[in-house]
Amino acid sequence: MKILVPVKRVLDYNVKPRVKADGTGVDLANVKMSMNPFDEIGVEEAIRLKEKGVATEIVAVSVGPAKAQETLRTALAMGADRAILVQTDDEVEPLALAKIFKAIADAEAPGLVILGKQAIDGDNNQTGQMLAALTGWAQGTFASAVNVEGDHVSVTREVDGGLETVKLKLPAIVTTDLRLNEPRYASLPNIMKAKSKPLDTKTPADYGVDTAPRVKTVKVSEPPVRSAGVKVADVDDLVAKLKAIGVHS
Amino acid sequence: MTAFDDWRARSPYYDETHEALAQSVRRFVSREIAPHIDRWEAEGELPLELHKKAAEAGILGLRYPEQYGGHSEGFDNFHGLVLTEELAAVGAGGLGASLMTHGIGLPPILALGSEELKERVAPPVLAGDKIIALGITEAGGGSDVANLKTTAVKDGDDYIVNGGKMFITSGMRADWLTCAVRTGEPGAAGISLLLIDMSSPGVERTRLDKMGWRCSDTAAIHFSDVRVPASNLIGPENGGFIGIMRNFNSERLGMAMGCCAYARVAMAEAAKWAQSRETFGRPLVGHQSIRIKLADMERQIEATQAWVDLCAWQVKHGKDRPADFAMLKVQATRMLEAVAREAAQVLGGASYITGSKVERIYREVRVNAIGGGSEEIMLDLAGRQLFSGKR
Ligand SMILES: Cc1cc2nc3c(=O)[nH]c(=O)nc-3n(C[C@H](O)[C@H](O)[C@H](O)COP(=O)(O)OP(=O)(O)OC[C@H]3O[C@@H](n4cnc5c(N)ncnc54)[C@H](O)[C@@H]3O)c2cc1C
Ligand SMILES: Cc1cc2nc3c(=O)[nH]c(=O)nc-3n(C[C@H](O)[C@H](O)[C@H](O)COP(=O)(O)OP(=O)(O)OC[C@H]3O[C@@H](n4cnc5c(N)ncnc54)[C@H](O)[C@@H]3O)c2cc1C
């Protein structure tokens with residue numbers, strides 16, 4: 001079974017984002033970038049399935065600028081077998097992404113597509129679901145456990161109020177949550193090996209996908225500065241204060 | 001603009017493999033180190049499990065031969081610089097110093113030791129199971145290495161060691177000490193390197209409290225009639241001095257890189273502060289004297305970094321000379337001293353209160369300027385080599 005793992009190059013999660021002065025977006029010039037943490041979890045899960053003998057090949061795919069090659073090399077260094085870069089300098093929205101992944105899924109016929117539940121830049125949480133709709137495959141989102149049994153996969157989902165386990169027929173779409181696994185570190189020998197693994201470069205047009213945006217960003221601004229907290233003397237004081245602001249009656 | 005950005009992406013010396021390694025180490029630091037570093041600073045040492053985890057993540061073995069459990073394939077010394085920079089991200093110099101003490105303790109064994117010794121020592125160290133430290137400095141003096149007083153006297157198949165070592169990094173936790181001892185005549189020609197098992201009878205150690213590098217355990221060590229098998233001799237008897245000096249070159253390059261990295265951390269914190277802190281109705285960066293300060297810091301960091309990278313390139317291509325490492329180290333520690341001072345100045349009163357990285361880095365200036373060869377000694381060494389024809 002083949003596994004397709006989309007990976008996105010995003011602002012490194014250690015970096016505090018800064019909004020561009022003109023309010024059109026987040027300033028990415030000269031800032032550290034790395035793989036979306038949820039996607040790292042996806043790569044790790046695919047590698048574990050390969051180590052268990054369930055998967056035979058892992059294909060990492062990234063849609064983004066030429067620099068997204070670095071992110072794909074990281075996926076290859078972790079243990080993916082080959083990579084596809086769908087190169088574009090445009091900001092690609094979830095629907096266009098899902099269409100590109102659908103076209104790649106048609107061509108590659110994977111048994112599983114493992115995506116991050118969201119990317120930490122846009123926090124959209126849409127691509128996996130849209131891909132499931134476009135392919136008509138079953139989906140298990142927010143996965144905290146993934147077990148492949150024959151032609152099914154059971155996915156334990158983190159939902160409000162607890163865990164839910166769904167059993168899906170393969171091929172299926174899985175999106176990862178934080179507790180699914182702890183991704184491994186790419187060591188130097190594996191980084192060197194990754195240099196000789198195949199990486200194909202395509203464009204959205206190769207898949208017949210138009211990436212023109214459907215959503216217009218009106219304005220991006222810094223979150224408001226949090227005002228200082230208030231110390232309360234005791235529980236009565238707390239209740240009184242909550243009543244005063246109408247949170248408690 | 002804030003520093004600690006992707007400056008490597010604009011450098012001719014770093015390629016995608018360096019970037020991939022940087023991301024891997026950065027993830028390790030943010031997951032395994034950043035959440036705990038303040039506690040380790042308070043406790044005065046690193047937990048042993050951290051060495052194990054760092055070994056599994058490929059950090060401890062970086063640059064060492066595969067046959068001993070290391071990762072050297074494809075390694076160039078810029079990978080080493082990347083590791084140093086990423087470990088510096090938490091702004092605690094003791095972390096790199098203590099987690100990577102094998103970086104000064106192990107190379108003499110790999111360069112000069114017998115095959116039996118290498119196989120006995122290197123694999124458990126690179127696996128994070130054993131800790132090895134380096135013992136050169138003595139209470140009687142650190143700069144004048146050729147005059148060290150600790151003696152090792154042959155007795156059958158053993159040496160009997162008497163004396164002591166001072167300011168030894170990871171010395172409280174060390175299982176082994178790569179130790180400089182006097183086996184012969186006075187001066188450099190009578191010095192040998194001996195691997196001492198720190199659990200031997202007659203070894204006593206005392207923890208030293210310090211201004212900085214607080215998460216690194218530092219020891220004063222005393223030897224009274226410590227019996228060491230002669231098979232623990234590293235290289236030829238009375239031939240240890242060259243090994244010590246060669247070891248210093250790579251230590252100095254690494255320390256210079258560390259200074260650049262810590263300066264960048266301080267710079268980043270100061271720049272962020274200057275952008276958000278308002279005085280007299282505008283952000284600090286709105287005041288010309290603060291902007292000039294920040295640019296002056298950046299100027300010194302970039303100039304020093306350029307020399308660090310050039311020296312690393314010279315090592316890679318066999319074109320290095322010892323005087324450069326000595327002068328580079330001075331350049332780097334003076335740069336760090338200036339940048340740490342100005343960063344603290346920008347933070348104002350906040351820089352004096354525990355909790356900022358700048359406060360910590362400011363306290364770590366001196367150990368860089370003194371340890372591993374103090375500034376005066378470095379410049380004198382370079383001066384002698386370059387201008388007086390002496391060594
Ligand atoms: C935190 C910490 C960790 C350390 N870790 C280790 C370790 O792991 N292993 C190890 O072996 N050592 C270690 N050291 C010791 C360090 O290398 C020495 O402190 C250093 O070499 C200086 O030696 P000293 O302190 O004895 O100073 P001294 O040699 O006594 O010198 C004192 C001052 O006099 C100056 N001076 C000395 N001689 C001359 C001269 N001829 N001309 C002009 N000026 C001179 C020096 O520059 C210095 O400023 C560590 C030190 C510290 C602080
Ligand atoms: C240990 C300690 C004890 C203290 N005790 C007391 C006390 O008992 N009582 C009390 O009232 N205060 C006390 N202070 C506060 C101290 O006086 C202030 O820290 C000091 O006045 C600087 O103010 P700040 O820290 O807010 O820095 P800021 O005012 O925020 O200044 C930060 C930096 O920007 C520079 N700067 C600011 N404005 C400009 C400008 N226009 N142009 C150029 N540069 C500028 C400053 O020189 C400084 O380097 C104490 C501070 C410390 C650290």
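In this predicted model, A:Asp123 is exposed, because 9 other C-beta atoms lie within 10 Å and a residue counts as exposed at 12 or fewer. The residue sits in the loop that links strand E6 (112–116) to helix H4 (127–135) of chain A. Its backbone deserves a look too: phi of A:Asp123 is near 50°, a positive value in a residue other than glycine. The loop between E6 and H4 of chain A also holds A:Asn125, for which phi is near 55°, again positive in a residue other than glycine. A:Asn125 is partly exposed, with 16 other C-beta atoms within 10 Å.

Another backbone feature of chain A is the cis peptide bond between A:Leu170 and A:Pro171, where omega is about -5°. A:Pro171 belongs to the loop running from strand E9 (162–169) to strand E10 (172–176) of chain A.

Strand E4 (residues 57–64) and strand E5 (residues 82–87) of chain A run parallel and are joined by 6 bridges. Between E4(A) and E5(A) the chain passes through helix H2 (residues 68–78) of chain A, giving a right-handed β-α-β crossover. Within this pairing, A:Val61 has A:Ile84 of E5(A) as its bridge partner. E5(A) is in turn joined by 4 bridges to strand E11 (residues 199–202) of chain A, and these strands run parallel. Here A:Leu85 stands opposite A:Thr201 in E11(A).

Turning to the contact between the chains, 17 residues come from chain A and 21 residues from chain B. On the chain B side, helix H1 (residues 16–33) gives the most, with 11 residues. That side of chain B comprises 6 nonpolar, 8 polar and 7 charged residues.

Chain B itself is divided into domain 1 (7–126), domain 2 (132–240) and domain 3 (242–387). The C-alpha centres of domain 2 and domain 3 of chain B are 30 Å apart, and 11 residues of domain 2 are in contact with 9 residues of domain 3. The side of domain 2 that touches domain 3 has 6 nonpolar and 5 polar residues, with no charged residues.

Ligand 1 lies between these two domains of chain B, because domain 2 (132–240) and domain 3 (242–387) both give residues to its shell. Of the 22 residues around ligand 1, those that come nearest are B:Ile136, B:Thr137, B:Gly142, B:Ser143 and B:Ser374. Two or more residues of the shell come from each of strand E1 (132–135), strand E3 (158–169), helix H13 (365–370) and helix H14 (375–387) of chain B. By class, the shell around ligand 1 holds 9 nonpolar, 10 polar and 3 charged residues.

The residues surrounding ligand 2 include B:Arg277, B:Phe280, B:His287, B:Gln345, B:Val346 and B:Tyr352. Helix H10 (288–316) and H11 of chain B each supply at least two residues of this shell, which has 5 nonpolar, 6 polar and 1 charged residues.

Helix H11 (residues 322–347) of chain B also contains B:Ala344. B:Ala344 is buried, with 21 other C-beta atoms within 10 Å. Apart from neighbours within four places in sequence, B:Ala344 is in contact with B:Ser351, B:Val358 and B:Tyr362. B:Trp313 is 31 residues away from B:Ala344 along the chain, and their C-alpha atoms are separated by 33 Å.

Note on methods: Residues are numbered from 1 along each chain as its sequence is written. Chains are lettered from A and ligands numbered from 1 in the order in which they are written. This is a predicted model: local features need pLDDT of at least 70, side-chain atom pairs count only at pLDDT 80 or more; totals for chains, interfaces and linings use all residues. Two residues are in contact if their C-beta atoms, placed from the backbone, lie within 7 Å. Ala, Val, Leu, Ile, Met, Phe, Trp, Tyr, Cys and Pro count as nonpolar, Asp, Glu, Lys and Arg as charged, and the others, Gly among them, as polar. A residue is buried if 20 or more other C-beta atoms lie within 10 Å of its own, exposed if 12 or fewer, and partly exposed in between; C-beta atoms are placed from the backbone. A residue is near a molecule or strand if its C-beta atom, placed from the backbone, lies within 6 Å of it. Domain bounds come from an automatic or database domain assignment. Two strands pair if DSSP finds at least two bridges between them. A crossover is right-handed if, with the strands pointing away from the viewer, the path from the first strand over the helix to the second runs clockwise.
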